[in-house]
Amino acid sequence: MRKFFKIIGVLVVLLVITFLVIFFSKNEALPTGNKGEKAEELAQKMLSAINHEAFENAELLEWSFRGTNSYKWYKQQGKVEVSWNENKVILNTNFPEQSEVYVKGQKVTNNELITKAQAYFNNDSFWLIAPHKIMDNGVERSIVKVNNKDALMVTYTSGGTTPGDSYLWMLNENYFPTSYKMWTKIIPIGGVEATWSDWKDTEAGFKLPTRHTANLFDLSIDMGNPKASTPKADALANKILKAIKHDAYKTTENIEWSFGGRRSYKWNKKDHIVEVKWDTTKVVLHPNSLEKSTIYFNDNLSETKNEDIIKKAEAYFNNDSFWLVAPHKLFEPGILRSVKEIDGQEALLVKYTTGGTTPGDSYLWILDENYVPKSYKMYVPSMKMEGVPSTWEGWITTESGTLLPKIHRFGNNGELSMGDVKAN
């Protein structure tokens with residue numbers, strides 16, 4: 001027995017020595033950062049890089065943590081389904097006392113499991129969305145120089161499970177996070193670094209991490225197959241597409257229209273070639289290969305290709321086709337969708353983050369009882385539009401079977417005719 005305790009004592013001593021070696025070789029003091037305007041600007045650049053707006057609009061996030069805990073977070077509802085072992089807690093993040101607890105599928109009353117689910121969620125969601133929490137209430141931000149580059153220090157002075165923790169975010173040249181160093185109560189060694197480099201795209205329009213690796217014992221944290229989506233907004237968007245016969249639009253080969261009597265179009269949609277005419281000018285536009293475009297003056301082919309004229313034709317087409325087919329573009333890449341309530345009815349807000357002439361524009365679609373758009377409110381920063389309304393009227397069923405509008409009205413008796421709209 002004495003020999004056994006002697007062996008145990010030796011092992012304890014070895015463990016203590018090992019810890020001390022690691023502590024003195026790895027431990028870093030918490031650096032002092034500079035607070036102020038530059039730190040706030042760096043934080044905003046980081047939020048822009050990770051598409052924080054898309055995260056704010058997300059409805060459902062799903063992931064697992066190290067293969068033990070799994071989550072379905074109904075973000076807009078403030079509820080998250082936390083599952084581990086034979087337990088499931090429908091956690092109300094705003095009012096935990098209203099949470100529901102299930103053990104082996106049976107509903108029970110167990111406050112201890114609610115507390116445990118809340119602690120799991122606070123920790124495991126942080127490893128999923130920590131970059132999106134840098135502007136939370138009670139967070140202090142400062143800049144620290146690391147290898148002559150700006151890194152963002154964030155300190156959580158309140159909230160969560162362990163207030164007082166600090167994280168130093170390392171950013172790449174595009175301000176996207178690649179790793180952070182931690183100074184936390186739960187880890188006795190300061191400055192432990194963990195990667196934020198294994199990202200995947202989500203349906204909601206922003207990235208989520210799939211794995212982290214810490215430089216302490218090469219600890220790996222698996223986040224499973226993380227997902228983020230907007231099922232409610234997508235369902236509403238699909239109702240709109242069904243109402244305007246979008247399936248027929250997808251197989252439509254040719255569309256003709258005019259824009260306020262100023263410009264006219266013949267769009268070979270199948271091959272994506274557009275004849276754009278205004279005044280005495282005609283451009284046969286190849287939007288995907290502008291160098292193939294040709295210019296005509298008074299129907300005579302120009303021997304030279306004026307790039308400014310071709311770009312003008314492209315800008316005309318981007319703008320004027322939007323007024324004809326915008327509702328058919330709800331699921332194009334770079335579009336964020338969210339549901340808003342207007343006068344007790346669901347409306348669809350779409351924001352174009354990429355593409356077109358003015359990315360960043362938003363449109364709030366107001367629908368009739370059949371989900372056909374009847375108007376939208378325009379939010380166009382470049383034109384200082386903040387909710388400017390316009391109608392979508394005169395919908396016709398074209399030869400190809402899709403619906404397209406013939407007229408828009410806005411402002412004080414303003415009217416925009418789309419001319420003799422045709423599609424086959």
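Tutor: Ser-362 is buried, with a relative accessible area of 10% (buried is under 20%, exposed over 50%, and partly exposed in between, with a 1.4 Å probe and protein chains only). The model is predicted, so local features need pLDDT of at least 70 and side-chain atom pairs pLDDT 80 or more, whereas totals for chains, interfaces and linings use all residues. Residues are numbered from 1 along each chain as its sequence is written, and side-chain values use heavy atoms, without hydrogens and water.

Ser-362 belongs to strand β24, residues 362-367 (strands are DSSP runs of E with at least two residues, helices runs of H or I with at least four, numbered from the N terminus). Beyond its neighbours within four places in sequence, Ser-362 contacts Leu-349, Val-350, Lys-351, Lys-377, Met-378 and Tyr-379 (contact means heavy atoms within 4.5 Å).

Let us turn to a sheet. Seven strands make an open, antiparallel sheet in the order β21-β20-β19-β18-β17-β16-β31 (two strands pair if DSSP finds at least two bridges between them). At its edges stand β21 (300-301) and β31 (422-423), each pairing on one side only. Helix α7, residues 307-325, packs on this sheet, where it touches β16, β17, β18, β19 and β20. The direction of α7 makes about 95° with that of β16 (axes are lines fitted to C-alpha atoms, for helices over the stretch in contact, with angles from 0 to 180 degrees between N-to-C directions).

Within the sheet, β16 (254-259) and β17 (263-268) are joined by six antiparallel bridges. Trp-257 is bridged to Tyr-265, and Ser-258 to Ser-264. Three residues separate β16 and β17 in their hairpin, and Gly-260 in the turn has a positive phi of about 60°. On to the next pair: β17 and β18 also run antiparallel over six bridges, with Trp-267 bridged to Val-274. Their hairpin has four residues between the strands, and His-272 takes a positive phi near 55°.

In a regular strand, side chains alternate between the two faces of the sheet. The covered face of β17 holds Arg-263, Tyr-265 and Trp-267, while Ser-264, Lys-266 and Asn-268 lie on the uncovered face.

Finally, the largest nonpolar core has 54 residues (a set of buried Ala, Val, Leu, Ile, Met, Phe, Trp, Tyr and Cys residues joined through side-chain atoms within 4.5 Å). Apart from that core lies another, of 46 residues, including Tyr-265, Trp-267 and Val-274.
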